[in-house]
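Morning, everyone. Let me walk you through one structure, strand by strand. Please have the sequence and the model open.

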Amino acid sequence: MTGRVGAMARIDISISEVGPRDGLQNTKIFMATDAKKAWIRALAAAGLPEIEVCSFVNPKMIAQFSDAAEVAADALTIPNLSVVALVPNLKGAQRAAEIGVPRLSLPISASEAHSRANVRKTVDEQLAELGAIVALRNTLPPERRFKINAGVSTAFGCTLQGDVPEADVLRIAAAAVTLDADSVSIADTVGYANPGQVRRLLAAVKREIGPKLDAAHFHNTRGLGLANCVAAIEAGVSALDSSLAGLGGCPYAPGASGNVITEDLVFMLESMGLRTGVDFDKLMQAREILVASLPGAEFYGHLAKSGLPKGFAGAVAA
Ligand code: ZN
């Protein structure tokens, strides 16, 4: 999901950096709270318009997010940054709303098996949770009302269930809009998607819910992350999730190598003449902070090894 604040006029494709949430969720090593704050500040300074900064999950489930409130509160002081937090349920939404996080994302699995494993609820129970979060939002004074995104996960297949029917994804997307979600994003949680499938499914979702379709979220598990991003753009999506250094993965996708790599995505888009608003040198500085803060973690990325082509000037000059 994408807030589209700040330098929107200069951005063609809006990247939402999900490393501090999706990346860290699947990293065994605890990143120190001050390092998280410094990393998020460096990501924002690089020009990323939106950052998913944490998950308000029960800290007993994922210790990495025991400092979620402190990290989110710090991110909220960064000017012109759209701050997003993942909330797995109403309780998480209450915690996020307490400190004034303006955009919340609730995952809703399109796979029953994944839904039960991930949030211990059926798909319809998780849709009811969305309804409860919308109701919570509507009780708040107007200036404190958050936006709520429904993130349809395992939309392209599931490691537990296997095939996920397109009709299930469309049903959930339509139900989320009916329940008054502000936006819907479509996620390839386990890295099963291919570009043909992405084009087909996202076009179908767009027909179903129109402009409420916001971001696409891909993992690079099988090396198709960037190709899937291009297919999503061809289907009319202008917001993409990615993670610096491809940090993370999915506990239900053994061997998963993490999200689409932010720095490689920025390079691809800018090469194609699509402006992202991201400064490469500053993005690499943010990567250095990340690498220094998580010794022993796995990092990915081609640009970090190869550097930019000679004379590369980004989309403005393209
Ligand atoms: Zn993900």
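Start with β5 and strand β6, residues 183-188: four bridges join them, and they run parallel. Strands pair here if DSSP finds at least two bridges between them. Strands themselves are DSSP E runs of at least two residues, helices are H or I runs of at least four, and both are numbered from the N terminus. Now follow the chain from β5 to β6. It passes through helix α7, residues 166-178, and this β-α-β crossover is right-handed. That word applies if, with the strands pointing away from the viewer, the path from the first strand over the helix to the second runs clockwise.

A word on ground rules. This is a predicted model, where local features need pLDDT of at least 70 and side-chain atom pairs count only at pLDDT 80 or more, while totals for chains, interfaces and linings use all residues. Residues are numbered from 1 along each chain as its sequence is written, and side-chain values use heavy atoms, with hydrogens and water left out.

Back to β5. Its other partner is β4, in the parallel sense, over seven bridges. There R103 has K147 in β5 as its bridge partner. Six of the seven residues of β5 are buried, so the rest of the structure largely encloses this strand. Buried means under 20% relative accessible area, exposed means over 50%, and partly exposed is in between, with a 1.4 Å probe and protein chains only.

Now zoom out. What do the eight strands close into? A barrel, in the order β1-β2-β3-β4-β5-β6-β7-β8, with parallel pairing. Neighbouring strands are turned by 25° against each other on average, direction ignored. Those axes are lines fitted to C-alpha atoms, for helices over the stretch in contact, and angles run from 0 to 180 degrees between N-to-C directions. Helix α6, residues 123-139, packs on the sheet. This helix touches β4 and β5, and its direction makes about 165° with that of β4. Contact means heavy atoms within 4.5 Å.

Where do β1 and β8 come in? Strand β1, residues 14-17, and strand β8, residues 239-242, pair in the parallel sense over four bridges. E17 stands opposite S242 in β8.

Next, the metal. Which residues coordinate the zinc ion? D22 through OD, H217 through NE2 and H219 through NE2, at 2.0 to 2.1 Å. Donors are N, O and S atoms within 2.8 Å of the metal, or 3.2 Å for Na, K and Ca; water is not among the atoms, so sites may look incomplete. Along the chain the spacing reads D-x194-H-x1-H. D22 lies in helix α1 and H219 in the loop between β7 and α9, so the pair ties together parts that are 197 residues apart in sequence. Both D22 and H219 are buried.

Then the core. The largest nonpolar core has 93 residues, and I186 and L240 touch the most other members. Such a core is a set of buried Ala, Val, Leu, Ile, Met, Phe, Trp, Tyr and Cys residues joined through side-chain atoms within 4.5 Å. Not counting residues up to four places away in sequence, I186 touches V152, F156 and H217, among others.

Last stop, the loops. K121, between α5 and α6, is buried, at a relative accessible area of 19%. N80 sits between α3 and β3 and is exposed, at 60%. Its phi is near 60°, a positive value in a residue other than glycine.
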